[in-house]
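Here is a short report on the model shown below.

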Amino acid sequence: MEELLRIMSEVRPDIDFETEDKLIDNEMLDSLDIVAIVTDVNDEFDIEINVNDLLPENFNSAKALYELIQKLQYE
Amino acid sequence: MIRNALEYLEISAKKYPDKIALEDEHEKLTYTEYITKAKTIGTYLLKRGLDKYSNKPVAVIIDRNIRSIVAFMGVLYTGNFYVPIDYTLPAERIQLIYDTLDPIAVIDARTDTGKAVEGAIDFTEASSGADIDEELLKKVRSEAIDTDPIYGIFTSGSTGVPKGVVICHRGVIDMVEAFGETFGFDDGMVHANQAPFDFDVSVKDIYNAMKNGGSIVVVPKRLFLMPKLLLEFLVKYKANTIIWAVSALRIVSDFKAFGAVEEKPDMRYIMFSGEVMPIKALNYWMDNLPDPMYVNLYGPTEITCNCTYCIIEGKQNELKALPIGKAFVNTKVVLLDEKREKAVTKPGDVGEVCVGGAGLALGYWNNPEKTKEAFFQNPDITEHPSLLYGTGDMAYYNEDGNLVFAARRDFQIKHMGHRIELGEIEVALNAIPFIDTSCCLYDEERSKIVCFYQSESDDTKAIIKFLSDKLPKYMWPNIFKRYDRLPMNKNSKIDRVKLKEEIRK
């Protein structure tokens, strides 16, 4: 989780990813942020987040994204 | 001969009165409705005092909607030029733009204006609040010439003040004529507009569609978060032409979105620019959509969108760089040596891309120093004035005579599709009370802006808070490294070479 928070803060240092849970719903992240985060997450965690995972519920918070990562690692 | 870009609208409105010209999520307009609204806005503005001015800037507060485009044309009917302004930018930056621009009027074209901007003219009021005065509009046109400004677009400036590039009607006319001739555009084109209207990539959608009697569909911004929905949108709206930033095309390829949709969009043209297109991404598009014409476009805002193009025939070798190609018709492109004195012609030798021709910008609004620096006399011509613009991009000719981008000669970078002067970020950083000095570098490999700063306190959050009042989000550094003392070189300047090595580690 720490690694994920680091990745997300590098892309958007202005957001407090530990508490924020409406990243998509409140339009806090834009598409370029998502691409940057997904690219780094795929590299660091050796997974492939695919287009069907690109849903608001998976990106609304760091916690949700971390759950997705764990699910993909398990698969 | 076309002398004013509005003539394209007038010709297409005669030829295709009932055809849909513009469409977004909320509304659509036929060519007749488009021109009627534009002329109404023109008349409204002229009667509200704009008839006292010509060739002066009118700010248009833009949105991802077709009203923005109609407002632009309304401004042109007054004989003045438009400057798109994005109100999601920090207020201080908007103020800097206004300080330089001193607009004679502001039109708010946003669908949901939220908090009204003081003194701004509302779009709905302007587009319905007057009866078209053809005589008045005719009189304005009779005084127009093709070197009159058509729009201004602000870009990052190294001293901390954004520069307003001013383009003339002739430049836009020259661009659309060259595109039509080179790529065979026609009235069946449906442009899926991705580029925000304060980016000149959108100029290609607006005026090519207008000239050919094609149509524009404005793609909502949020779809670029969800590539599957984006492809479905393109199918639904029967879009067949994409003129996008590389980063937008990558959203589809990075997520392999074609695999998730049942029907693929029926594309005729796929054109991209803004940064180097990764071959892997391009090949993914070509695998899934083999039929459209793929074109790599290159050029700075200062030459009216683009100066070179490269039509890509089939999938490319991933190890080779994609060329930026050859000059468009009626456009001069030369490589010059470091002193901008001699042409570089030998294949493989690197020189600065310098451009000239009818598309050349008139200069930077209200900024003679920067204009003089960037626009200079062509060294090959000594007998009469002839200007070139130095792009700062270094390139070389490959064996086929195509230009290939190599590097930048200065501290300008392309980050997330945006043209950014690292110096502008440094100016903002150095204004923070607890920062002694700073240096920003770009980590190309990871696409991150790295900030090295000298300070006693280590407070990234406070830095970002300061920056968020001054700079748009895409200009904020991604990585911060604090130093007690930044390394200096022999000339007592920050040692950028050494810091660059830090990044490589």
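## Helix 7 of chain B

Helix 7 of chain B (residues 169-183) has 15 residues and reaches 21 Å from its first C-alpha to its last. That is close to the 21 Å expected at 1.5 Å a residue; the expected span is 1.5 Å times one less than the number of residues. Helices (H or I, at least four residues) and strands (E, at least two) are DSSP runs, numbered from the N terminus.

The buried residues of helix 7 of chain B include His169(B), Arg170(B), Ile173(B), Met175(B) and Phe179(B). Buried means 20 or more other C-beta atoms within 10 Å of the residue's own; exposed means 12 or fewer, and partly exposed lies in between, with C-beta atoms placed from the backbone. The buried residues of this helix pack against strand 7 (149-155), strand 8 (163-168) and helix 8 (201-212) of chain B. Gly184(B) follows the helix, with a positive phi near 70°.

## Model and confidence

This is a predicted model: local features need pLDDT of at least 70, side-chain atom pairs count only at pLDDT 80 or more, and totals for chains, interfaces and linings use all residues. Residues are numbered from 1 along each chain as its sequence is written, while chains are lettered from A and ligands numbered from 1 in the order in which they are written.

Chain B has a mean pLDDT of 94 (the predictor's confidence in each residue, from 0 to 100). In chain B, 100% of residues reach 70 or more. The model scores ipTM 0.71 and pTM 0.90.

## Contact between the chains

The contact takes 22 residues from chain B and 13 residues from chain A. Two residues are in contact if their C-beta atoms, placed from the backbone, lie within 7 Å. On the chain B side, helix 9 (227-236), helix 10 (246-254) and helix 14 (460-470) each supply at least two residues. Helix 10 of chain B gives the most, with 4 residues.

## Domains of chain B

The domain assignment, automatic or from a database, gives domain 1 (326-408) and domain 2 (417-504) of chain B. Their C-alpha centres lie 30 Å apart.

## Two positive phi angles

Cys305(B) is not a glycine, yet its phi is positive, about 80°. It lies in the loop between strand 13 (293-298) and strand 14 (308-312) of chain B. Is Cys305(B) buried or exposed? Cys305(B) is buried, with 27 other C-beta atoms within 10 Å.

Asn366(B), also not a glycine, has a positive phi of about 60°. Its loop runs between strand 18 (363-364) and helix 12 (368-374) of chain B. Asn366(B) is partly exposed, with 16 other C-beta atoms within 10 Å.
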